[in-house]
Amino acid sequence: MDEVDGMSGGDRGGVADLIASIKISKIPIICICNDRYSQKLKSLVNYCLPLNFRKPTKQQVNSLIHIICAHHIYFC
């Protein structure tokens, strides 16, 4: 679910329904938000494992591209 922090913008009961789905689901549900500390998500946070990601640097992206290209040459 992308942008769960914006769910309550026009939806009524959207977060509550998402929590209910998380409780009964047998597979993981990935929820993405920009503001983990938003008041709208206070009840949802109790059912999530928070993982923080940072934007990769240009050097990290460049390194991964080189690794992908090196493997691509060997598999073709």
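Visitor: Before we start, what do buried, exposed and partly exposed mean here?
Guide: Buried means under 20% relative accessible area, exposed means over 50%, and partly exposed is in between. Keep in mind that this is a predicted model.

Visitor: Thanks! Where does Cys31 fall, then?
Guide: Cys31 has a relative accessible area of 24%, so it counts as partly exposed.

Visitor: And Cys69, what's its relative accessibility?
Guide: Cys69 comes out at 42%, which makes it partly exposed too.

Visitor: How many disulfides are there?
Guide: A search of the whole structure turns up 0 disulfides.

Visitor: Switching topic: how many helices and strands does the chain have?
Guide: The chain has 2 helices and 0 strands.

Visitor: Let's take helix 1. Which of its residues are buried?
Guide: Helix 1 covers residues 14–24, and its buried residues are Gly14, Val15, Leu18, Ile19 and Ile22. They span an arc of only 135 degrees around the axis, so they sit on the same side of helix 1.

Visitor: Nice. Which exposed residues are on the face turned away from that side?
Guide: That face of helix 1 carries Ala16, Asp17, Lys23 and Ile24.

Visitor: Zooming out, how much of the chain is buried?
Guide: Of its 76 residues, 14% count as buried. The accessible surface of the chain is about 6900 Å², and carbon and sulfur atoms make up 59% of that.

Technical notes
Residues are numbered from 1 along each chain as its sequence is written. This is a predicted model: local features need pLDDT of at least 70, side-chain atom pairs count only at pLDDT 80 or more; totals for chains, interfaces and linings use all residues. Side-chain values use heavy atoms; hydrogens and water are left out. A disulfide is a pair of cysteine sulfur atoms within 2.5 Å. Buried means under 20% relative accessible area, exposed over 50%, partly exposed in between (1.4 Å probe, protein chains only). Helices (H or I, at least four residues) and strands (E, at least two) are DSSP runs, numbered from the N terminus. Accessible areas come from the Shrake-Rupley method with a 1.4 Å probe; for residues, only the protein chains shown count as cover. The arc is that of the directions from the helix axis to the C-beta atoms.
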